[in-house]
Amino acid sequence: MSTMQQPDVMVILTPVAAGEVRKFMEAEGVTAEQGGLRVSVMPGGCSGFKYGLVIEDKSADDDLTIELEGIKVFVDPFSAQYLSGTTIDYVTSMQGSGFTFKNPNSTGGCGCGSSFSA
């Protein structure tokens, strides 16, 4: 019998971002007990990888689940290697509003702010 050890992932969700996630969860009828926020990294984007945020009803079997600001955050093993130490915030400015990512693993990015290279 073999046991696969899951990597640790440390993601920070600011209180402002958590408030916005709660609004999205409520709009989609997902309770904090039932579901949460999926944070993922996918190949693509201007710089090689792009971030994904999705409200989900439940975690997948191989997900790492972290509770932040009272919200379950689901991270798949592939994404975990790129997300450790990332801060997710929600900002509002004259250019618009949206989620931002401060990722210490990023070695480059693009002007859109939603893709990076590692």
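Over which residues does pLDDT stay under 50? Residues 1-6 form that stretch, and the model gives them three contacts beyond four places in sequence. Here pLDDT is the predictor's confidence in each residue, from 0 to 100. Contact means heavy atoms within 4.5 Å.

**View 1. Overview of the predicted chain and its confidence.**
This is a predicted model: local features need pLDDT of at least 70, side-chain atom pairs count only at pLDDT 80 or more, and totals for chains, interfaces and linings use all residues. Residues are numbered from 1 along each chain as its sequence is written, and side-chain values use heavy atoms, with hydrogens and water left out. The chain holds two helices and nine strands. From the N terminus on, the order is β-α-β-β-β-β-α-β-β-β-β. Helices (H or I, at least four residues) and strands (E, at least two) are DSSP runs, numbered from the N terminus. The mean pLDDT of the chain is 84, and 81% of the residues score at least 70. Among the elements, α1 has the highest mean pLDDT (97), and strand β9 (residues 115-117) the lowest (51).

**View 2. Surface and contacts of the whole chain.**
The accessible surface comes to about 6,900 Å², with 53% of it belonging to carbon and sulfur atoms. Areas come from the Shrake-Rupley method with a 1.4 Å probe; for residues, only the protein chains shown count as cover. Of the 118 residues in the chain, 36% are buried. Buried means under 20% relative accessible area, exposed over 50%, and partly exposed in between (1.4 Å probe, protein chains only). Take the contacts between residues at least 6 apart in sequence: 55% of them join residues at least 24 apart.

**View 3. The largest nonpolar core.**
This core has 26 residues, of which V9, V11, L13, I71, V75 and L83 touch the most other members. Eight elements each supply at least two residues of the core: β1 (11-13), α1 (15-27), β2 (36-43), β3 (49-56), β4 (64-68), β5 (71-75), α2 (77-83) and β6 (86-93). The largest share, four residues, comes from α1. A nonpolar core is a set of buried Ala, Val, Leu, Ile, Met, Phe, Trp, Tyr and Cys residues joined through side-chain atoms within 4.5 Å. In soluble globular proteins, nonpolar side chains tend to be buried together.

**View 4. Surroundings of V75.**
V75 touches V9, R38, V39, D63, L64, I66, A80 and L83. Residues up to four places away in sequence are not counted.

**View 5. The open sheet β1-β6-β7.**
Three strands make up this open sheet, in the order β1-β6-β7, with mixed pairing. β1 and β7 (96-102) stand at the edges with a single partner strand each, so one side of each is left without a neighbour in the sheet. Neighbouring strands are turned by 25° against each other on average, direction ignored. Two strands pair if DSSP finds at least two bridges between them. β1 and β6 run parallel, joined by three bridges; I12 stands opposite T87 in β6. β6 and β7 pair in the antiparallel sense over seven bridges. They form a hairpin with two residues between them, and S93 stands opposite G96 in β7. Helix α1 lies across β1, β6 and β7, running at about 80° to β6. Axes are lines fitted to C-alpha atoms, for helices over the stretch in contact, and angles run from 0 to 180 degrees between N-to-C directions.

**View 6. Strand β2 and its partners.**
β2 is mostly covered, with six of its eight residues buried. Eight bridges join β2 to β3, which run antiparallel.

L68 is found in strand β4 and counts as buried at 14% relative accessibility. L68 touches V11, L13 and V73, not counting residues up to four places away in sequence. The C-alpha atoms of L68 and I12 are separated by 7.3 Å, although the two residues are 56 apart along the chain. E69 is found in the loop between β4 and β5. Its phi is near 55°, a positive value in a residue other than glycine. E69 is partly exposed, with a relative accessible area of 40%.
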